[in-house]
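Me: I would like to go through this model step by step. Please start with the term we need, then take my questions in turn.

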Number of protein chains: 2
Amino acid sequence: MPRLVMKFGGTSVADLERITNAAKKVKQEAEQGFEVIVIVSAMSGKTNELVGWVDQTSTFYDAREYDAVVSSGENITAGLMALTLQEMGVMARSWQGWQVPLKTTSAHGAARIEEIPTHNLDEKFGEGMQVAVVAGFQGIGADGRITTLGRGGSDTTAVAFAAAFEAERCDIYTDVDGIYTTDPRIVAEASKLSKISYEEMLELASLGAKVLQTRSVELAMRYHVTLRVLSSFEDDISMAAGTLVCDEEEIMENNVVNGVAYSRDEAKMTLVSVADRPGIAAAIFGPLSEAGINVDMIVQNISEEGRTDMTFSCPTDQVARAEKALNGAKDSGEINFHGLVSDKYVSKVSVVGIGMRSHVGVAKQMFEALSREGVNIKVITTSEIKISVLVDRKYMELAVRALHDEFELEHAA
Amino acid sequence: MPRLVMKFGGTSVADLERITNAAKKVKQEAEQGFEVIVIVSAMSGKTNELVGWVDQTSTFYDAREYDAVVSSGENITAGLMALTLQEMGVMARSWQGWQVPLKTTSAHGAARIEEIPTHNLDEKFGEGMQVAVVAGFQGIGADGRITTLGRGGSDTTAVAFAAAFEAERCDIYTDVDGIYTTDPRIVAEASKLSKISYEEMLELASLGAKVLQTRSVELAMRYHVTLRVLSSFEDDISMAAGTLVCDEEEIMENNVVNGVAYSRDEAKMTLVSVADRPGIAAAIFGPLSEAGINVDMIVQNISEEGRTDMTFSCPTDQVARAEKALNGAKDSGEINFHGLVSDKYVSKVSVVGIGMRSHVGVAKQMFEALSREGVNIKVITTSEIKISVLVDRKYMELAVRALHDEFELEHAA
């Protein structure tokens, strides 16, 4: 029988009514003939309650105990979901991570999935189980202790199950009805994409579109798991609903640009007149890395002879720490620069599209559109399927709207 | 190293402050040189929340899913307790039932403990673990699914661990500071016993003193586990605190009577003029048993030739069902009686004492004391270490006080 993985996030199982609503969708798929694996998160708010208790209990807590406590949230949902399905006449049972078992590394709190043996679930499916409800976000380490997977762990669990059980698809039910060409709060005409490639989704996810965690998309791409993002609050679960995230080859005709992403609170920092010598980049970014600064864009300009300007971006709230690290490195003689200029009020705007690979002129079109609106570009970086620019923060919404308009994304699909 | 089991009930771990308070006691014992096994209940209110969700989800729920959901409560406490101990510098870790593993039957919701292999905990104690915090009330069935032990399961878990690990003692921390000669709400002069035998405790537990569950006392008696009941809200944990429940031989001199117990809401039912023939008791109590009636005392009086009166007691709220069952059996010809008289307003009062075995005259002394107060005795039953009587409910408190006074229990210890 074909298999399907369905994943419901915290808001989709926030209370018994929503669990019932989610269970109805599971039942529909089971009745279509799928053997279904459902991955559930904790009821929203539950995890925060548990984490709050752990935080109050100890400052430098033992991550193994953190995992033992926090994983309870998903276990509760899994049991309640199984009961709800049984009440609807569906043969369901719950599985905690260690029961499957979902084997992970022992990096408690941020474990990585190592293996999902399929024999236990296979056996129960063989005995007539229609639905396995699996507690997401958790597994078991080699030492027999419970692990949790860290941020985005439930999405990742879902994709890993879809890969291990060769599921036809992995449906991620969430509180939005798909992937949009941009944030509808900024551009009212933003349109829902019916399909998007893994590569584009990765760029969009890491650029600030928060629907799917980067890690789960990477895993889906590696194992060719077809993902679908759709709303748990709408009735339609037919293939017309949501957005498919899939291999590029499965998308008949690619749009040149598929989305405009943004990241609001960025800062631009420039080291003015740095002595330009081999190893200088390492000398600069070493201390920043040690200070935990998330450096994003990096641009180096030739200035006067033997010296260079080095510009990079990072989140606004890390500027003070970055300045401290760089000035410290200057004081200790590791690096030498004349000035450090920080601009804390910039934003990053990016256009993403797999079609860029075969279309020249996207960059020119982008820069012209911004220029027409009087938006000054401060930094540019490009990859094969993405162009990002830094602009003054006050122009961010304007830039997003201009680009969405320029690439006619209101008609994308 | 000597081992100690410490059990904390729901009110003793109701919030983080109380968990900290309990952890301090555990630390004290660990510093005395004990390897400590701590058994914890769910934070009070948690289990009710979980059970409430299950009840709302489905009417005839799958007990396996019930167990998976409800056991989460104890897991949370175990993790938080381990973290709290670590914060205090104690080498502690949490254990869920399946990790120990505590092996049970597969009677979900009411499983019985089958085996507690000691090697996992032994190994960790060998590596320096000072305290194992075990989630109470739960285990794992042969099918690899989580089980719960049913009513009183946490006390039973504690005693079973004490037996398996040959602990020096099993301390049950609760919200009262020991076993009293009677309910202090009825008799202000009730005194705390320093020691009591298993047999007496069993009589008191099943007679309505709610401190220890019958099942855990039975288990302690079978394996000669010394139990101690003491308050988690008082600082003293020295051997002067609480009440020891132990083998009769360990109590130097037994009081003739050690306690007065009562059960308020009892009913007395009499079948008048039953045809007296072999098998008549079975014919009467068969239908009652099938109807789920908890018959307690049974008395048979000879009345006129060939006929007898049969009197029994049961909880007041089961009278209607009992009447229905008996009248049904009469209608179908299984039994034959002239009348059925129910008195729904009686209470049971009992005196318990292992010293009764060697002292005659306790019954006489009891009946005279009640007579002096004008309390009419309606039914009497006796066992080796207990005498119970049914009296009108309005005389219950009076009877308890009179007996407590008569046997000078205010001076018991």
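Reply: Two residues are in contact if their C-beta atoms, placed from the backbone, lie within 7 Å. Keep in mind that this is a predicted model.

Me: How many residues of chain B are in contact with chain A?

Reply: The cut-off for a contact is 7 Å between C-beta atoms. On the chain A side, 25 residues take part, and the number for chain B is 25.

Me: Which helix of chain B gives the most to the side that touches chain A?

Reply: At least two residues each come from α2 (46-57), α3 (63-70) and α4 (72-87) of chain B. The top contributor supplies ten residues, and this is α4(B).

Me: How many charged residues does that side of chain B have?

Reply: Sorted by class, the side of chain B that touches chain A holds eleven nonpolar and eleven polar residues. The charged residues there number three.

Me: What kind of axis relates the two copies?

Reply: Chain B can be laid on chain A by a turn of 180 degrees, with a shift of 0.1 Å along the axis and an RMSD of 0.1 Å. The copies are therefore related as by a two-fold rotation axis.

Me: Which residue of chain B comes closest to the rotation axis?

Reply: The distance to the axis is taken at the C-alpha. At 2.8 Å, the closest residue of chain B is Ser72(B).

Me: What distance separates the centres of the two domains of chain A?

Reply: Chain A is divided into domain 1 (3-175) and domain 2 (260-411). Taken over C-alpha atoms, their centres are separated by 39 Å.

Conventions. Residues numbered from 1 in each chain as written. Chains lettered and ligands numbered in written order. Predicted model: local features only at pLDDT ≥ 70, side-chain atom pairs only at ≥ 80, totals over all residues. Helix = DSSP H or I, 4+ residues; strand = E, 2+ residues; numbered from the N terminus. Nonpolar A, V, L, I, M, F, W, Y, C, P; charged D, E, K, R; others polar. Domains from an automatic or database assignment. Least-squares fit on C-alpha atoms with pLDDT ≥ 70 in both.
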